[in-house]
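Subject: Structure for your review

Dear colleague,

Please find below the structure I would like to hand over to you. My notes on what was found in it follow directly after.

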Amino acid sequence: MRLKSLDADVCAVSRLRGKLGMGAAALLLVVSLSAHAAEVEEADLESKTRDLARQLRCLVCQGENVWESNSPLALQMRDLVRDRLRAGETPQQIKTYLESRYGDFVLMEPPKHGLNWLLWLGPFVLLSLGALLLKRALTRWRRTGKAVSESGAVSDEQRRRIEAELAKLEDE
């Protein structure tokens, strides 16, 4: 009888050990999956932060975007963008906030309204104006060149004089 109870205890312990092993494995699986999910979520947040920070100008460096700049202000702006994205704001809401705080200059691509149209259309207008002036100058030069070649014909009298002068030079 004692042997049966000992055998029953061993079976109970081994069942308990099996359940604990399964529970530990399940717990390990859940923890690893949640850690992986947090990594994916963090990578997604970092990707969104990078994309948005590349669209914002560093106010200290002015030639660099916030993502590439290492100035203290750019680091603070990156943290601000990351925190606001984590809080659930959209990139457009964050841009609007920063634009209201720092003006249009904070955006790497200026908005297409008001006097900013000059920034967008100015180069094309100047390029067209330059092409028009170049065409006009070339036409004028071509016309002037034809007039010179037409009036540049040498008469018979001038030709005889030139030949006489050349002959004198050869004799001397």
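How many disulfides does the structure hold? It holds 0 disulfides, a disulfide being a pair of cysteine sulfur atoms within 2.5 Å.

Before the details, a word on conventions. This is a predicted model, in which local features need pLDDT of at least 70 and side-chain atom pairs count only at pLDDT 80 or more, while totals for chains, interfaces and linings use all residues. Residues are numbered from 1 along each chain as its sequence is written, and side-chain values use heavy atoms, with hydrogens and water left out.

To return to the cysteines, the sulfur of Cys 58 has its closest cysteine sulfur in Cys 61, and because the two are 3.6 Å apart, they are too far from each other for a bond. Cys 58 counts as buried at 1% relative accessibility, whereas Cys 61, at 36%, counts as partly exposed; here buried means under 20% relative accessible area, exposed over 50% and partly exposed in between, with a 1.4 Å probe and protein chains only. Ser 71, in the loop between H1 and H2, touches both of these cysteines as well as Val 60, not counting residues up to four places away in sequence, and is itself buried at 8% relative accessibility. Contact means heavy atoms within 4.5 Å.

As for the overall fold, the protein chain has 5 helices and 0 strands, so named because helices (H or I, at least four residues) and strands (E, at least two) are DSSP runs, numbered from the N terminus. Of its 172 residues, 14% count as buried, and among contacts between residues at least 6 apart in sequence, 40% join residues at least 24 apart.

The largest nonpolar core has 14 residues, of which Leu 56, Val 66, Val 81, Ile 94 and Leu 98 touch the most other members. Helix H1 (2-53), helix H2 (72-86) and helix H3 (91-102) each supply at least two residues of this core, and H2 gives the most, with 4 residues. A nonpolar core is taken here as a set of buried Ala, Val, Leu, Ile, Met, Phe, Trp, Tyr and Cys residues joined through side-chain atoms within 4.5 Å. Leaving aside neighbours within four places in sequence, Leu 56 is in contact with a set of residues including Val 66, Val 81, Leu 98 and Val 106.

Met 77, which is found in helix H2, is buried, with a relative accessible area of 3%. With the neighbours within four places again set aside, Met 77 is in contact with Arg 57, Val 66, Leu 98, Tyr 102 and Val 106. The C-alpha atoms of Met 77 and Trp 67, 10 residues apart along the chain, are separated by 9.1 Å.

The geometry of H3 can be checked directly: its 12 residues should span 16 Å at 1.5 Å a residue, and its end C-alpha atoms are 16 Å apart, which agrees; the expected span is 1.5 Å times one less than the number of residues. H3 is followed by Gly 103, whose phi is positive, near 90 degrees.

Finally, on charges and rings, the charged end of Arg 57 sits over the ring of Phe 105, 4.6 Å from its centre, and that of Arg 84 sits over the ring of Tyr 97, 3.8 Å from its centre. The criterion is that NZ of Lys or CZ of Arg lies within 6 Å of the ring centre and within 35 degrees of the ring normal.

With best regards
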